[in-house]
Amino acid sequence: MRIAADRDRCEGHGLCADTAPEVYDLDDEAIVVLLHEEVPPELERKAEAGARVCPVAALRVEA
């Protein structure tokens, strides 16, 4: 599984990082940073949960 992040769309709410800190982080400007190029199977549910809570749909999970 991969995650696509639209950093231009990200507004820095941080909900993804709060929900799944093992998958998402924020840079110094509070823009999303992906911690894994390929999400390990044990973190797939967390990755999906973090993408779902993004209020501006800046994250997309790709199988």
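## A quick tour of the predicted model

Ala30 is partly exposed, because its relative accessible area is 26%, which falls between the cut-offs of 20% for buried and 50% for exposed. Keep in mind that the model is predicted. Ala30 sits in the loop between strand S2 (24-26) and S3. The backbone there is worth a look: phi of Ala30 is near 65°, a positive value in a residue other than glycine. Most residues other than glycine have a negative phi.

Ala57 is another case, with a positive phi of about 55° although it is not a glycine. You'll find Ala57 in the loop between H2 and strand S4 (59-62).

Now for the loop between strand S3 (32-34) and H2, which is where Pro41 lies. Pro41 counts as exposed because its relative accessible area is 63%, and the cut-off for exposed is over 50%. Pro41 and Ile31 are 10 residues apart in sequence, yet their C-alpha atoms are 25 Å apart in space.

| Residue | Loop location |
|---|---|
| Ala30 | between S2 (24-26) and S3 |
| Pro41 | between S3 (32-34) and H2 |
| Ala57 | between H2 and S4 (59-62) |

Stepping back to the whole chain, the protein has 2 helices and 4 strands, and along the sequence they come in the order β-α-β-β-α-β. A compact globule of 63 residues would have a radius of gyration near 11 Å, so the 10 Å of this protein agrees with that. The C-alpha trace spans about 30 × 20 × 15 Å along its principal axes. Of the contacts with a separation of 6 or more, 56% join residues 24 or more positions apart.

On to the inside. Buried residues make up 37% of the 63 residues. The largest nonpolar core has 18 residues, and those touching the most other members are Ile3, Val23, Tyr24, Val32, Val39, Ala47 and Leu59. Helix H1 (15-19) and helix H2 (44-52) are the elements that give two or more residues to this core.

The charge tally is 7 positive and 15 negative side chains, and the centres of the two sets lie 7 Å apart.

Technical notes
Residues are numbered from 1 along each chain as its sequence is written. This is a predicted model: local features need pLDDT of at least 70, side-chain atom pairs count only at pLDDT 80 or more; totals for chains, interfaces and linings use all residues. Side-chain values use heavy atoms; hydrogens and water are left out. The radius of gyration is taken over C-alpha atoms; the globule rule is 2.2 Å times the number of residues to the power 0.38. Buried means under 20% relative accessible area, exposed over 50%, partly exposed in between (1.4 Å probe, protein chains only). Contact means heavy atoms within 4.5 Å. Lys and Arg count as positive and Asp and Glu as negative; His and the chain ends are not counted. The place of a charge is taken as NZ of Lys, CZ of Arg, CG of Asp or CD of Glu. A nonpolar core is a set of buried Ala, Val, Leu, Ile, Met, Phe, Trp, Tyr and Cys residues joined through side-chain atoms within 4.5 Å.
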